[in-house]
Amino acid sequence: MTKRDTRDRDRDAPSALSRRDLFKAAAAAGVVAAVPTVAAGQESAPAPSASPAGPPAAAPGAGPVAQAPAARPVLFFFNDEEARFVEAAIDRLIPADPEWPGAVWAGVLTFIDRQLAGPYGDGAKTYLAGPWTPDAPPEQGYQHRYTPAEIFRIGIAEVRAHVTETRDAEFAELGADAIDAVLTALEAGEIELPSIPSALFFSVLLDNTVQGWFADPVHGGNRDMVSWRMVGFPGAYAQYLETVDIFNLDYRREPVSIADAAARAVHLGGHHEH
Amino acid sequence: MRKRSAFGSGIAAVAVVAALHAAAQSPEPAAEVLTPDAERGQAVAVGASAPDQACMACHGVDGAGDAAAAFPRLAGQSFVYLATTLIDFASGERPHEIMTPIAEALTRQEIIDVAAYYATLTDTPFAPPSAETDAALLQRGGTIAALGLAPAGVQGCINCHGPDGGGLGYEYPAIGGQHAAYLAARLHAFKTAESVGDAQAIMRGIASRLSDEDIAAVAAYYAALRPPPLAQDDIAELPPQLIDAFNDDDGEDAE
Amino acid sequence: MAVRLPEIDVVLVGGGMTAAIVGKELAEAGQRVVALERGQMRQTVPDFQSPTMHDELTYSIRHALMQNPEQQTITFRNRPDQTPLPMRRLGSFLPGEGVGGAMVHWNGVTWRFQPEWFELKSWTEERYGRGFVSDEVTIQDWGVTYDELEPYYDFFEKICGTGGLPYGDLTGGNPFGGRRSNPYPNPPMKEPYALNLFRTAAAGMGYSPFPAPSSNATRHYVNPYGAELKPCMYCGYCERHGCEHFAKASPQVSILPAALANPNFEMRTGAWVTRIEHDPDAGIVTGVTYVDAAGREVFQPASMVVLCAYAYHNAVLMLQSGIGQPYDPATQTGTVGRNYCYQTFGGATVFFDGTVRFNPYMGAGALGVVIDDFNNGSMDHSELGFLGGASTSVSQASGRPIAFHPVPGDTPGWGLAWKEAVRRHYNSTLSISAQGSSLPHPNNYLGLDRTYTDAFGNPLGMLTFDFPDNDRRMAAFLTERCVEIGEAMGASVVEGNDLAEHYSIVPYQSTHNTGGTVMGADPTTSVVNRYLQSWDCHNLFVMGAGVFPQNAGYNPTGTVGALAYWAVDAIKNQYLRNPGPLVQA
């Protein structure tokens with residue numbers, strides 16, 4: 001018997017997986033791994049929801065998520081225009097590159113949508129009572145009266161209005177360089193928005209993008225643990241007792257998400273699969 | 001006649017791990033690096049040169065083991081765990097009436113080869129689960145597996161053995177889909193410290209807090225699972241430090 | 001009208017570490033003790049089990065185990081001439097809530113302070129002369145010495161199962177630590193690659209590296225209470241998370257089982273203390289008022305009250321209750337709220353540019369290698385121009401990527417270049433951190449806010465704090481030392497981490513808030529005496545880091561634990577036999 005090639009695509013060492021298969025998967029999902037030059041709405045097809053419990057039983061050669069091109073996910077918070085805005089923005093904040101997909105493929109839109117639709121969006125764990133001092137020194141922290149959901153809703157609307165006014169186009173339809181320029185100006189506080197400081201809006205957007213990129217896929221982003229594969233983080237492991245002091249260990253075990261543990265494969269009486 | 005390998009100094013699981021670290025940190029490469037070869041391992045498994053020592057007699061060519069006889073399933077198990085366990089059998093760290101003489105008769109190369117062979121059998125079907133397992137027992141086992149046992153001060157098995165017992169770290173076995181009788185026997189052995197092979201006595205600490213019914217419950221539960229292939233490493237892609245640890249450092253193996 | 005409950009012997013405000021210690025010990029001494037915890041019960045099984053516990057977003061970022069500012073927070077300003085504003089989100093520090101308090105999500109680093117720190121004022125004057133530190137740095141003596149506390153440090157380490165190497169001998173322990181009557185109860189933690197590089201470089205420079213003292217158990221261990229800890233598995237989800245393996249010394253693992261087994265002890269959850277009731281003429285407290293789990297206002301009368309709430313909250317509670325004289329920075333009189341201190345960091349980020357694999361996610365909260373050569377009692381300050389010092393270490397506690405994705409300072413904050421830098425540097429970057437002391441300043445204090453209230457209608461506590469100039473100079477010195485060591489490690493790039501120009505409430509720095517209810521020998525500059533007994537009400541005792549007159553260059557938990565055992569000893573052996581002031585002012 002020949003030695004089996006156990007190199008199932010799902011379980012490759014991260015670097016081998018990335019180049020071939022994520023690119024294929026990215027293509028399958030309708031995302032072009034290059035700087036978008038056409039309408040962002042076509043290219044930035046929203047990623048499917050987080051991978052189902054357990055690695056899928058993919059045929060060899062399939063991409064990391066062996067699914068049909070992604071359907072648009074259910075959005076609880078964003079309307080379609082807001083979703084297009086956010087996707088266009090996150091596509092530049094964490095872009096795709098030839099080796100690794102970006103925030104769009106990873107489902108960061110879904111992550112942010114769910115966060116804003118939930119307690120975080122409503123300002124949980126935030127003391128929101130007034131009076132408010134919006135121009136307080138930064139050392140005193142956030143002093144506005146808005147919840148994160150409001151910051152997104154208001155910020156998106158006001159940035160869109162600004163872009164429409166100054167560039168005579170929708171933000172989501174701008175080219176990559178133009179979007180970069182708008183984001184850079186927002187970050188630097190150079191755009192005057194009516195209700196909130198542009199730097200505040202940008203920082204909340206960037207924070208949520210990075211969180212959605214790196215958080216466990218159960219939260220809607222980090223599809224197929226792509227960011228973890230990229231940096232080499234095994235995820236929801238609970239023990240490294242034997243390997244913590246091996247120097248330079250190239251740890252190759254498949255990453256694990258909390259979702260993997262939800263798989264229940266108990267079979268009773270007569271049913272079995274393998 | 002097969003040359004008996006010289007593990008005489010008793011390299012225990014703990015010592016293997018220590019060797020693993022030393023090998024990784026050593027400024028010089030090991031004199032002769034043995035590499036695992038699953039094809040050669042298959043020859044060991046079928047008893048090509050020692051027919052009365054064939055692994056397949058109990059564990060099967062496909063590594064499915066035997067549920068009734070409590071011969072463990074080896075197919076798709078972690079390579080590091082399989083190799084370490086054979087060394088433990090030979091050294092006395094994990095004395096076993098049947099396995100100790102068999103393991104003692106293997107050279108180090110044969111050990112890592114046959115470990116690689118069984119580790120790469122990722123397609124072996126699982127046995128159909130017993131239709132008679134009590135649902136309440138499964139439920140109890142599932143709760144212990146996921147959450148642990150508060151009154152006993154035992155954490156959930158999932159913490160170290162991974163989702164559906166598929167395994168996490170290289171050294172800890174996948175237990176999903178393992179035969180219930182074997183799992184129960186191991187837990188009882190840990191409980192009485194008859195056989196250890198348990199660095200830091202972690203499993204002994206846990207098993208000693210489980211009742212017989214708890215043990216039956218987790219064994220039945222894990223036997224019914226079909227785990228994700230987390231423990232199925234690609235042998236060719238294993239970190240070299242982990243292979244290095246199994247090199248015969250005392251230089252006595254002359255096979 | 002509050003419901004009045006039957007009187008008990010001792011009521012504890014809080015259900016965390018010091019409440020567990022005091023509760024267990026006083027219950028054992030025959031006292032009927034009730035601990036009032038505002039949060040809920042939490043246990044290793046089921047609440048801390050992974051994989052759900054291994055959720056960085058929920059626990060590390062969204063602070064699932066911490067207090068909720070919506071219910072109560074503090075206001076903050078840098079200087080008294082500013083308007084204090086609410087700390088609307090947790091940031092700089094993360095107070096805990098629920099049974100076990102912050103010791104559920106702590107790191108496990110368990111230090112002793114150096115001996116001179118307890119007599120810092122007299123020691124500094126004697127060694128460096130009066131005027132070495134400007135008068136504005138209001139350092140004080142504690143009223144207790146290291147030698148008196150040593151047996152209690154020893155006991156607390158045994159309760160926590162702390163692992164480390166003995167001090168002061170050739171086996172590689174800390175040569176700058178105070179004397180020890182016993183070695184650590186457990187061996188030290190392992191040494192991953194990053195720590196090994198630091199050790200080698202530091203030793204090569206003539207420093208004395210040693211393993212950080214860790215209460216992440218390094219083997220099966222049974223403590224003096226009969227509680228068992230299990231070996232730490234280096235899972236990398238330690239601080240901000242609960243431990244699924246029974247390995248991190250949290251109250252529910254180490255202390256509470258013994259307390260809860262005693263029918264004299266009761267843990268009452270969902271109990272929000274709003275006021276300490278007292279009789280100022282009689283100089284006693286009479287009990288506490290709290291809102292119970294059903295939402296009713298309840299008065300719990302007691303012969304003794306012990307404040308065991310989170311560090312600064314004990315001072316806030318005293319201020320809300322009108323006990324003691326509030327500190328006034330304008331006149332520098334009054335005591336409650338005085339001498340608030342924090343922690344002052346220097347450090348360096350050290351990049352190896354993808355040439356090594358550190359695997360930072362294989363971690364434990366207290367996994368580290370430390371040098372104590374720059375701590376206060378370790379070095380000669382004559383030419384340095386500051387007082388104080390730091391424990392300096394490389395730790396490997398977390399590689400959780402939302403928070404840990406280091407990039408060089410000139411990397412853009414987003415985009416392809418950022419992504420590439422994150423990928424390049426994730427597994428080959430470490431930080432050297434100098435955890436420096438924090439000296440008191442007359443403008444750094446706790447008070448009550450006049451504008452904002454909590455969910456119970458009480459005024460929020462108000463924090464005024466900025467780094468004193470002394471501490472800025474210290475931080476600059478420490479950062480230089482860290483950069484030097486980083487360079488000696490052969491790194492590609494070493495970046496010093498400078499102290500911020502002004503203390504900000506936003507980025508996480510440390511949950512080491514100290515002061516506000518300081519201990520001392522002089523009632524005009526302290527709130528409690530050397531036995532942590534209130535000068536104002538002899539049946540009121542105050543635990544926690546709030547009693548520190550100044551914070552040292554170490555994690556505070558070991559000293560909090562030692563002082564709790566020291567105080568409870570005084571309560572058992574002196575106070576209960578003869579209730580009254582234990583120290584004549």
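Predicted model: local features only at pLDDT ≥ 70, side-chain atom pairs only at ≥ 80, totals over all residues.

Modeller: In chain A, the axes of helix α4 (residues 108-117) and α7(A) come within 9 Å and cross at roughly 115 degrees. That makes α4(A) roughly perpendicular to α7(A), because angles of 65 to 115 degrees count as such.

Colleague: Which hand is the crossing of α4(A) and α7(A), right or left?
Modeller: α4(A) passes α7(A) in a right-handed crossing.

Colleague: And which residues of α4(A) and α7(A) meet?
Modeller: From α4(A), they are V108(A), F111(A), I112(A) and Q115(A). From α7(A), they are N208(A), T209(A), G212(A) and W213(A). By class, this contact of α4(A) with α7(A) has four nonpolar and four polar residues, with no charged ones.

Colleague: What about helix α6 of chain A: at what angle does it pack on α7?
Modeller: Helix α6 (residues 176-187) of chain A packs on helix α7 (residues 198-214) of chain A at about 115 degrees. Their axes are 7 Å apart. So α6(A) is roughly perpendicular to α7(A).

Colleague: Who makes that contact on each side?
Modeller: L183(A), L186(A) and E187(A) come from α6(A). S198(A), A199(A), F201(A) and F202(A) come from α7(A). The contact of α6(A) with α7(A) has five nonpolar residues, one polar and one charged.

Colleague: Switching topic. How many residues does each chain put into the contact of A with C?
Modeller: Chain A gives 50 residues and chain C gives 58 residues. On the chain A side, α3 (80-93), α7 and α8 (226-231) each supply at least two residues.

Colleague: How does the chain A side divide by class?
Modeller: The side of chain A that touches chain C has 31 nonpolar, 12 polar and seven charged residues.

Colleague: Now chain C on its own. How many helices and strands are in chain C?
Modeller: Chain C has 12 helices and 20 strands. Its C-alpha atoms fill a box of roughly 70 × 55 × 50 Å along the principal axes.

Colleague: What radius of gyration does chain C have, next to that of a compact globule?
Modeller: Chain C has 23 Å. A compact globule of 585 residues would have a radius of gyration near 25 Å, so the value for chain C agrees.

Colleague: And what share of chain C is buried?
Modeller: Of its 585 residues, 64% count as buried.

Colleague: Last one. What share of the contacts in chain C is between residues 24 or more positions apart?
Modeller: Such residues account for 75% of the chain C contacts with a separation of 6 or more.

Key
Residues numbered from 1 in each chain as written. Chains lettered and ligands numbered in written order. Axes fitted to C-alpha atoms, helices over the stretch in contact; angles between N-to-C directions. Helix = DSSP H or I, 4+ residues; strand = E, 2+ residues; numbered from the N terminus. Parallel < 35°, antiparallel > 145°, perpendicular 65-115°, else oblique. Contact = placed C-beta atoms within 7 Å. Nonpolar A, V, L, I, M, F, W, Y, C, P; charged D, E, K, R; others polar. Rg over C-alpha atoms; globule rule 2.2 N^0.38 Å. Buried ≥ 20, exposed ≤ 12 C-beta atoms within 10 Å, placed from the backbone. Left-handed = near helix turned anticlockwise from the far one by under 90°.
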